[in-house]
Amino acid sequence: MQISGTDLAKEIKAEVKQGVKDAVDRYGRPPHLVVILVGEDPASQSYVKGKGKDAEEVGFKSTTLRYPATISEEELLHIIRDLNKDDEVDGILVQLPLPSHIDEDKVIETIDQSKDVDGFHPANVAALWQKRPCTYPCTPKGIIKLLDKAGVDINGKRAVVIGRSNIVGLPVAKMLLDRNATVTIAHSKTTDLKKVASEADILVVAIGRPRFVTADMVKEGAAVIDVGVNRDPATGKLCGDVDFNEVAQIAGVITPVPGGVGPMTRACLMENTLECYLKNQESKI
Ligand code: NAP
């Protein structure tokens, strides 16, 4: 069975839209999401455009601030500090990656934790690992929602996450652990990857290699979540890290690319922005 991230994202955005209407009645203004784009990377431009479109669709005020790749780190930090102070800005997102002369960690740390809608701030990361209330990073949050929607019981299952990045692999592994899965994190130095992957009831793949995971790496009936966004070297079309046509024959549930994790990441960004707005408004009462 294919799990459609596009359909579930629509449901989440409809709920956020209703939440925005209620919030406007109660607090007099919609949430305001500011997205900062540095440089002209085509993929980043397209991601930022998508986020702006979704923000408008759910009724947020949406601002995209564009700066040339030559902007200095100090200038960018100054802009973020000003946005932190602005009472009418609820969410701040800096599109990554940034040009190499800008320290991404410094940029992420500068965003006020209460406006960190991406969930990348070190205080949010620490809270996630300490099981304290936090803003969950959007892609891992979307993955857990997809599994729940597909009726996959995570409790007690063997989960394997291939990839250990700070934004996907590590946090999704922690979130699966918190739902009582027994979790293995695999990476480029894992020697027996095929054996490890084929033992998974839940297999999450986030490596960035077109069709890397083949049917012989997947257990029959497994839930397979494909996070990868790649260009097929032969056709130039978008494809995931999983050989969808092959693996779909044996997986119990599988997410497509496009139309799986991608739209869920954006929907969870909208949900996080509304949550940050509500927390900030409630703290003022
Ligand atoms: P990343 O930071 O480049 O990390 C890639 C991970 O994959 C690393 O941990 C690396 O291992 C591991 N890896 C690479 N080659 C491997 C191999 N041959 N066998 C096993 N592990 C291998 O990537 P990321 O930011 O997590 O993103 C991963 C993919 O997800 C990319 O295609 C990205 O575009 C996509 N993505 C999609 C969304 C979405 O919303 N759909 C969001 C974020 C990312 P080492 O640690 O050992 O180097």
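## Ligand contacts

A polar contact is a pair of N or O atoms within 3.5 Å. This is a predicted model: local features need pLDDT of at least 70, side-chain atom pairs count only at pLDDT 80 or more, and totals for chains, interfaces and linings use all residues. Residues are numbered from 1 along each chain as its sequence is written, and side-chain values use heavy atoms, with hydrogens and water left out.

Ser188 has a polar side-chain atom 2.6 Å from an oxygen atom of the ligand. For Arg164, an N or O atom in the side chain is 2.7 Å from a ligand oxygen atom. Val227 uses its backbone: a polar atom there is 3.5 Å from an oxygen atom of the ligand. Alone, the ligand exposes 930 Å². The protein buries 72% of that (Shrake-Rupley method, 1.4 Å probe).

## The shell around the ligand

The ligand is surrounded by 22 residues (a heavy atom within 4 Å). Arg164, Ser165, Ser188, Val229 and Thr265 are the closest. The shell has ten nonpolar, ten polar and two charged residues. Helix α10, residues 261–284, gives the largest share, with three residues (helices are DSSP runs of H or I, at least four residues).

## The cavity

One cavity of 30 Å³ or more is counted. A cavity is a set of points, on a 1 Å grid over the protein atoms alone, where a 1.4 Å probe fits but cannot get out. The largest cavity has a volume of about 60 Å³. The lining has seven nonpolar, no polar and two charged residues.

Definitions and conventions. Polar contact = N/O pair within 3.5 Å; in protein donor to acceptor, adjacent residues only side chain to side chain. Helix = DSSP H or I, 4+ residues; strand = E, 2+ residues; numbered from the N terminus. Nonpolar A, V, L, I, M, F, W, Y, C, P; charged D, E, K, R; others polar. 1 Å grid on protein atoms, 1.4 Å probe; cavity = no way out; pocket = protein on both sides within 12 Å on 5 of 7 lines; lining within 4 Å. Points joined across faces, edges and corners; volume = space filled by probe spheres on them.
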